[in-house]
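I opened this model to look up a few things and keep notes. My entries follow in the order I made them.

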Amino acid sequence: MNYTLDKGNNRLTEKGCRKSSWQMLSVYDWLADIPIDRETTNYVEVQFKNTRKGYYLNSNDIPLEKGDVVAVESNPGHDIGVVTLQGYLVALQMKKIGYDTSRNEVKRIYRKAKPADIEKWEESKAKEHDAMLKTRKIAKDLGLDMKIGDVEYQGDGNKAIFYYIADQRVDFRELIKVLADTFHVRIEMKQIGARQEAGRIGGTGPCGRELCCSTFMTNFQSVGTNAARVQDLSMNPQKLAGQCAKLKCCLNYELDNYIEALKAFPSRDIVLETAKGPYYFFKLDVFAKKMTYSAEKNFPKDLLEIPLDEVWNIINANKSGQSVKEIQTADTDTEPQINFENAVGEGSLTRFDKNRQNRHNRNKNHFHGRGKEFNRQNRPNGEQHNEQ
């Protein structure tokens, strides 16, 4: 959603239906309509551009609500962010990420953002895209093997954070000097990975939903090709890779369920000995608990889809030296037929067709009868006409 500033209370209001970066990685505030327990914590979660968040101490007990634009302590100067969470849920989030106030530097909330702060903030954000393009050119001229993925200006415009991606260690001391002379701000370099870059940029995945890394994922686990093999997915790199050119994070979502379900299946190397000859593994349906075997090892021939229980019976019989004569295959012809006629409490989709046809026939007969009556009245005297 696009947010516009409500001048009355210096809060962001939602306009439109496009998802805003302020909602990325947000926590559902199920305590929003309950008075905040100030004794739980005085810390407030504040979100900045894209996925950057921070926890700040509301030492002055400023009355805040979710969506308020606030000025927070930074080094140097101050930064501008939006309140995304407060109260009991903040304490849970801080515990979840291991945020220790005794080890981390405690920063405070100064005030609600004033109109002058908002204007300066908007001016700073307007410079970010041009600064990123200029920085990429400067890094290329210096021969640095790195990619500048994003630039984020501080709310007061006194500092800029440059996010970069590099496969190897980069000596960017000369780059910092050139950037400081070019933009006249304090420079901070932060290295991120390809997945973090995709989360900051955002986008839509092949599933039609917004990228997981830009909506709810807070940490990234390694994804291996073994996850695709376990789920019997095609090893096509173009289908397995996401917008970050890495393996999709969603490959790990159902991996544990597949691993647990596959424990009930026998080894794929086991050959079934039958009266018709050996049968070799071809494919399986994990959750339907069916295995398909072929009469040839290298290509499909006389495929048999066998329930998992029957496969174990055949394997046990083979172990005892018996060759199975008859195999109980899965009955694929008797799958339950789903009737959608009254699925939503309505009749058939063609329920009006019959009435429409009857009405059409009645109208046709009506006008046909009127035509006969008209012909009788206007027929000349003595003229006869046989009507059938």
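**Entry: Asp79 and Arg52.** I looked up this pair and found a salt bridge, with the closest N and O atoms 2.9 Å apart. Asp79 lies in strand E6 and Arg52 in the loop between E3 and E4, so the pair ties together parts that are 27 residues apart in sequence. Are the two residues buried or exposed? I noted both Asp79 and Arg52 as buried. I also note that the model is a predicted one.

**Entry: strand E5 and its partners.** From Asp79 I moved to the residue across from it. Val72 stands opposite Asp79 in E6. I then read off the pairing of E5, residues 69-73, with its neighbours. Five bridges join E5 to strand E6, residues 78-86, and the two run antiparallel. E5 and E6 make a hairpin with four residues between the strands. There I found Gly77 with a positive phi near 70°.

Which other strand is joined to E5 by bridges? I found E7, residues 109-112, joined to E5 by three bridges. This pair also runs antiparallel. Here Val70 stands opposite Lys112 in E7.

I checked how enclosed E5 is. Five of its five residues are buried, so I wrote E5 down as largely enclosed by the rest of the structure.

**Entry: Lys49 and Glu128.** Back to charged pairs. Side chains of opposite charge can pair when their charged atoms come close. I counted 16 salt bridges in the model. One of them joins Lys49 and Glu128, whose closest N and O atoms are 2.8 Å apart. This pair links distant parts of the chain, 79 residues apart. Lys49 sits in the loop between strand E3 (43-47) and strand E4 (53-57), while Glu128 sits in helix H3. I noted the range of H3 as residues 128-141.

Why does Glu128 count as buried? The cut-off is under 20% relative accessible area. Glu128 has 8%, so I filed Glu128 as buried. Lys49 has 24%, and I filed Lys49 as partly exposed.

What does Glu128 touch, leaving out residues up to four places away in sequence? I listed Lys49, Val151, Glu152 and Tyr153.

**Entry: Arg173 and Asp171.** I looked up one more salt bridge. The side chains of Arg173 and Asp171 meet at 2.9 Å, N to O. Salt bridges that share partners also build a network, and I found Lys49, Glu128 and Asp150 joined into one.

I then checked the accessibility of Arg173 and Asp171. Arg173 is exposed, with a relative accessible area of 60%. Asp171 counts as partly exposed at 46%.

**Entry: a nonpolar patch.** Last, I turned to the surface. Which residues form a nonpolar patch there? I found Trp30, Tyr88 and Leu92. Together they have about 320 Å² of accessible area. I followed up on Leu92. Leu92 is in helix H1, which covers residues 88-97. With a relative accessible area of 37%, Leu92 is partly exposed.

Definitions and conventions: Residues numbered from 1 in each chain as written. Predicted model: local features only at pLDDT ≥ 70, side-chain atom pairs only at ≥ 80, totals over all residues. Heavy atoms only, no water. Patch = residues over 30% accessible without salt bridge, like charges linked within 9 Å, V, L, I, M, F, W, Y side chains within 5 Å. Areas by Shrake-Rupley, 256 points an atom, 1.4 Å probe, with all protein chains shown as cover. Salt bridge = Lys/Arg side-chain N within 4 Å of Asp/Glu carboxyl O. Buried < 20%, exposed > 50% of the residue type's maximum accessible area, 1.4 Å probe, protein only. Contact = heavy atoms within 4.5 Å. Pairing = 2+ DSSP bridges.
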